[in-house]
Amino acid sequence: MIPGNRVPLLALIMAYVVAGALLARPLLAAPAPAPASVAHPLLTVPQSSPTPGGSPGPSPAVHATPKPSLAVTATLAPTATPTPTPRPVRVLRSCPIDGDMDLLAAAPIHIVFDQPMDNDPSSVIWSITPTLESRVEWLAPEHLLVRTAPREAGVEYRIVLEAARSREGGGLERPLGLTFGQGGMGAPIPILMYHHIDPLDGTEPADTLEWTVSPQQFVAHLNLLEELGAHVVSLGEAVDYLQRGEPLPPRPVVLTFDDGNPCAYENAVPVLRERGLTATFFVCPAYIGDFNVLSWEQLRSLVEDGFTIGAHGYEHVKVHALSPAEAEVQFGLAKRRLEEETGAQVEFFAYPFGWFSRRAAAQLAAYGYRAALTINPWGYQKPADLMYLNRIRMAYGEPADELRYKLPW
Ligand SMILES: [Zn+2]
């Protein structure tokens, strides 16, 4: 402003008021509620991605050509499309995983995206059928949470995420549909059980073949899992999902190796390391370092590489009917020895010979184990059965084709 200017102050104020009103009009008009074509009343249609058969006519916020001079308009309109093509949005993890018919009752729905998202509620289109009272919130820029009213047992729910928008303006690569329920057969999280990974010619005795997978077959298993879109997760991640509703990637699968056989270390671990995959090794501390059993050094190197160590009894004995003194050794001492030697927390147990009982489960829980694994050959897991998780045994002559039929998806 020029000093000494004689323009009356009132005229200046009037000019500002008029200019302000003119500028404000388009700004105020832009975020006006869009016509709702969404199943859920809490959310409105994102204006950049009309639903099929949804919005009547062009969306004003997207198609109105903003005056380039009004820079302020651009910053206030979240739907403005940036010039570079935005990356399509992928869903990395969710809770529930698709097909989980026994979702932890209190678990909210989580959807984790691969990039920061536009957290404006109007940028997300989703629905749950049958309808449940629900509300959304963002736990983090890439983490959407949907809290729902209590779900009924025996009802099959489906949540569909039709659209969501990244901060860059990218839309979903494809809609996400998750079917889930309460009190049904469980979550499709197969846990595969390996023992020996050794080249054999197939003429060995049945009891050897029963517990051995050839290195080639092991690779074929991993290839099959990849083809099916499965994601190898740690046992801890699977238990976190079942116990606390932490999200998992689609088609999660857990790999386990029992007994600490060096052939598994030599033939499976390099392949897993190369592919960046993880697994759990169940071992008995009494035999570590013995002939034909992994050493403490090898176990420590597994821990360093992110593998999980679990207990398989202090000795390889049936643990379904242990006295308190025996339980102290097989559950307590086993856990302590493994923890002392590897420096890692030991939270999981695999029942030797697959013999389990309620008594053993209670003892294990008292010693601080979070979950225990049977050899019941079933690819689903229930949150109420953390001490009786199912496992599918991989034997010699287990071609990938056969494994395919044992998988739940
Ligand atoms: Zn064993």
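The mean pLDDT of the protein, that is, the predictor's confidence in each residue on a scale from 0 to 100, is 84, and 79% of the residues reach 70 or more. Over residues 1–75, however, the pLDDT is below 50, and this stretch has 72 contacts in the model beyond near neighbours in sequence, a contact being a pair of residues whose C-beta atoms, placed from the backbone, lie within 7 Å. The model is predicted, and local features need pLDDT of at least 70 while side-chain atom pairs count only at pLDDT 80 or more, although totals for chains, interfaces and linings use all residues. Residues are numbered from 1 along each chain as its sequence is written.

**Overall make-up**

The secondary structure comes to 12 helices and 19 strands, where helices (H or I, at least four residues) and strands (E, at least two) are DSSP runs numbered from the N terminus. Of the 409 residues, 36% count as buried, meaning that 20 or more other C-beta atoms lie within 10 Å of the residue's own, with exposed standing for 12 or fewer and partly exposed for values in between. Among contacts between residues at least 6 apart in sequence, 65% join residues at least 24 apart.

**A three-stranded sheet**

Three strands form an open sheet in the order E3-E6-E7, with antiparallel pairing, and two strands count as paired if DSSP finds at least two bridges between them.

| Strand | Residues |
|---|---|
| E3 | 125–129 |
| E6 | 157–163 |
| E7 | 176–180 |

Strands E3 and E7 stand at the edges with a single partner strand each, so one side of each is left without a neighbour in the sheet. Between E6 and E7 there are five bridges, and tyrosine 157 has phenylalanine 180 in E7 as its bridge partner.

**The largest nonpolar core**

A nonpolar core is a set of buried Ala, Val, Leu, Ile, Met, Phe, Trp, Tyr and Cys residues joined through C-beta atoms within 7 Å. The largest one has 92 residues, of which Leu192, Tyr194, Val254 and Ala372 touch the most other members. Helix H6 (residues 235–244) gives the largest share of this core, five residues. Because domain 1 (91–180) and domain 2 (187–406) both contribute residues, the core lies between them; the domain bounds come from an automatic or database domain assignment.

Leaving aside neighbours within four places in sequence, alanine 372 is in contact with residues including Phe348, Phe349, Tyr351 and Met387. In H6 the buried residues are Leu235, Glu237, Ala238, Val239, Tyr241 and Leu242, and just after this helix glycine 245 takes a positive phi of about 75 degrees.

Terms used:
Two residues are in contact if their C-beta atoms, placed from the backbone, lie within 7 Å.
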